[in-house]
Amino acid sequence: TPSPSVSPSPESSPTATPDYTESWASAKKLVWVSDGVGTLGADRQIFIDFNNMLLDKGADFIVEFVDIDSFDFMEYQTYIRDMKNQGRQADLINTGVGESGVEFNTFVEAVKDGLLEPLDDFLETKEGQKLYNSFDENAWESVKTGNKIYGINNKASLATSTYLHINKEVQEKYSIQLPEALDNLTNLESAFELITRSQVSLDEDEPIIPLDNYLPRVKDMIDCAYMDSGIAVKYDEKGFPLAFNLFEEAEFISLMELAYDYIDRGLIRIDQRAFDNINNGFFFATIDRTDPEEFYDGKLLLSRVIDVVSYKLSEGYVIGEKNRVNGIASWSQNKEEAFKLLTMINTDSDLSNLLRYGIVDKHYELVNGKVSELDLGGRPPGYFSPANKIITHPIGLEPTNKAEVYKELNAASIMSPIAGFTLDKSKIEDKLSAIKGIYDKYEKIYTGETKNIKEELKKANSELKDQGIDEVLDEINLQLTGWWTEKENSR
C-alpha cells in the first residue's frame, strides 16, 4: 500500500489515511491537491465510498484529495509551486481561488508557471473524445491558453443571462398589461408609478417594491466584458472586439440616469428593507443574472418560488476561466491515470453525484427526482467539488432533463470578446493602474447614494482623460485587432 504522499501537517488535510487503504493495496494512489474550498471538512465516508466506486467501475487506482487550509490565497499558490519544485506527488491540482482587487489569476498563472499539463493529446484519443463530447466547445475554449487546453470547466451553465422578472401575482393584482417585448425600462414606467401610488401589499403588512435597485447589476445589463482595469470590451458591428470607456457609453449613461431618477421619485428603493422585500417576493419587477437552478419555465426561486413573466436584457458571455480550474499536474508520474479519473468523474453521474451531494439518505434524498439536502452528519463537498454539474441530479428549479436544457443553452452561448486574450501592459502599465484606481474610486455610483449622477460621471471622465484613457484604449484596440486577426486566420 502506498504511504500518504503528502505528510499530514497543520496546513494539509488528506481525505484518505492508511487506516482506509488496506483493502486497496493493489491499487495505485493518485493525489488531488486543492485549496480547501471544496472537499476540506467534508464527510470522509464520501471519499471512501468514492474510491470503492472507482474500483467497482474498473479503475485500477484510488485517489486521495488533499486540501490545503491556507491562511490566504497566495499561501496556497506558494504551496503547490513548492510541491512541483520538490517533486512531491500531485497528480491533479485545483489552481485555487483568486482574490478581489488582486491581479493574480490562479489558472492563468498556473499555466504560465508550467504547473498544468496540456490535455489536447489526451482529448484526441478515443477515450478522450468521450470526455471532450461531455462539454460544449465553448467550455473547452474557456480553458485554453495559447490555443492549448489546460483544464476542465465543469460548470453547468457557461454564460448567465440577465433578466427582468415580473411578479405575476402583483401584475394580476394591479391588472397591468405587459408589452410583448421590452425595449426600455420606461415601457413599464406607468406600472411602477401605479404601484408606488397604491402601495397595496400582498400580505397587508409589507409594501410592494415597484422596481428592484438594479444599480449593482447595471454592468451585467450591457453586453460587454470587463478587463481587470475596468475597461470594457464589446463586439463592434463587424464582430471584432472593441475596448471602450464604459462611463462614456450611451446605454450605460442612460441606465444610470434612469435609476437615479427612479430613486428620486420613489420607484426604486435602496434601503435594506426593500432588499428583504424583494427576496420575500414583495415586488413587481426585479433584475438579476439567473440560470436554470434559480429560474426556469416561468418560475423564479428566491426565499420562495415566484411565478414570473421574464424579459432577457443581456445574454452574458462565456468568459475565459481565471481561477479554480482542475487539471493534471505537469510533474505527475501518473498522467494517464489522472486523465482517466477526470474522464470517469465527468462522464459518470454516479461518481459526480457522490462528489457533489454526498451519500444518499445521509446527506441528501431525492424528492420527485430532485435533490433535497439532509443534515444527518458531516457535509458533502457541494458545488465546488470536481463533479460535472451537468450530469448531477437536478436541484432547485432545474428540470429532470437538465442535461438537455444546459446543452441547448450552452450551444447558444457566445464567447467573451476577450476570452483567451492576454494584454501586453508594458507600454501602458502606469496608466492602466491609474485608470483602475479611478474606476474603483467611483464604485460609489452603484450604491444609489450619489447626489448628481451626471456631474459625477462628467468628473470621472475628466479624470480618466487626464490619466490617458484615450491612449490606453488605442493601445488595447491595436493589440485586440492583431490578436483577433491571428486567431481568425488560424481557424
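# Briefing on the predicted chain

Tyr260 is buried, its relative accessible area being 6%. The residue belongs to helix H9, which spans residues 250-264. The model described here is predicted. In it, the chain comprises 16 helices and 18 strands. Its radius of gyration is 25 Å, close to the 23 Å given by the globule rule for 491 residues, so the chain is as compact as a globular protein of that length.

**Confidence**

- The chain has a mean pLDDT of 91, and 93% of its residues reach 70 or more.
- For residues 1-11 the pLDDT is below 50. In the model this stretch still has 26 contacts beyond near neighbours in sequence.
- Where pLDDT is low, predicted coordinates should not be read in detail.

**Whole chain**

- A box of roughly 75 × 60 × 45 Å, taken along the principal axes, holds the C-alpha atoms of the chain.
- Of the 491 residues in the chain, 51% are buried.
- Among contacts with a separation of 6 or more, 78% are between residues 24 or more positions apart.
- The accessible surface of the chain is about 22800 Å², and carbon and sulfur atoms account for 46% of that surface.
- There are 86 negative and 51 positive side chains. The centres of these two sets lie 1 Å apart.

**Tyr260 and Glu449**

- With neighbours within four places in sequence left aside, Tyr260 is in contact with Leu215, Lys444, Ile445, Gly448, Glu449, Thr450 and Ile453.
- Tyr260 and Tyr446 are 186 residues apart along the chain, while their C-alpha atoms are separated by 9.9 Å.
- Glu449 is placed in the loop between helix H14 (429-441) and helix H15 (453-466).
- Glu449 counts as exposed because its relative accessibility of 61% is over the 50% cut-off. Tyr260, at 6%, is under the 20% cut-off and therefore counts as buried.
- Apart from neighbours within four places in sequence, Glu449 is in contact with Tyr260 and Ile270.
- A C-alpha to C-alpha distance of 9.4 Å separates Glu449 from Ile263, and the two are 186 residues apart in sequence.

**Helix H12**

- Helix H12 covers residues 349-357. Seven of its nine residues are buried, so the helix is largely enclosed by the rest of the structure.
- The buried residues of H12 are Leu351, Ser352, Asn353, Leu354, Leu355, Arg356 and Tyr357.
- Helices that these buried residues pack against are H1 (44-56), H11 (335-347) and H13 (402-411).
- The buried residues of H12 also pack against strands S3 (61-68), S17 (364-367) and S18 (370-373).

- Val308 is in strand S15. At 6% relative accessibility, Val308 counts as buried.
- Not counting residues up to four places away in sequence, Val308 touches His165, Ile166, Asn167, Lys168, Phe295, Gly298, Lys299 and Leu300.
- One of these residues, Phe295, is 13 residues from Val308 in sequence and 9.2 Å from Val308 in space, C-alpha to C-alpha.
- Arg324 sits in the loop between strand S15 (305-314) and strand S16 (326-328).

- Most residues other than glycine have a negative phi.
- Arg324 is not a glycine, yet it has a positive phi of about 50°.
- Ser175 is likewise a residue other than glycine with a positive phi, near 55°.
- The loop between helix H7 (168-173) and helix H8 (189-198) contains Ser175.
- Ser175 counts as exposed, with a relative accessibility of 60%.

**Gly281**

- Gly281 lies in the loop between helix H10 (272-279) and strand S12 (283-290).
- This glycine, Gly281, is buried, with a relative accessible area of 0%.
- In sequence Gly281 and Arg304 are 23 residues apart, and in space they are 7.3 Å apart, C-alpha to C-alpha.

Methods: Residues are numbered from 1 along each chain as its sequence is written. This is a predicted model: local features need pLDDT of at least 70, side-chain atom pairs count only at pLDDT 80 or more; totals for chains, interfaces and linings use all residues. Side-chain values use heavy atoms; hydrogens and water are left out. Helices (H or I, at least four residues) and strands (E, at least two) are DSSP runs, numbered from the N terminus. The radius of gyration is taken over C-alpha atoms; the globule rule is 2.2 Å times the number of residues to the power 0.38. Buried means under 20% relative accessible area, exposed over 50%, partly exposed in between (1.4 Å probe, protein chains only). Contact means heavy atoms within 4.5 Å. Accessible areas come from the Shrake-Rupley method with a 1.4 Å probe; for residues, only the protein chains shown count as cover. Lys and Arg count as positive and Asp and Glu as negative; His and the chain ends are not counted. The place of a charge is taken as NZ of Lys, CZ of Arg, CG of Asp or CD of Glu. pLDDT is the predictor's confidence in each residue, from 0 to 100.
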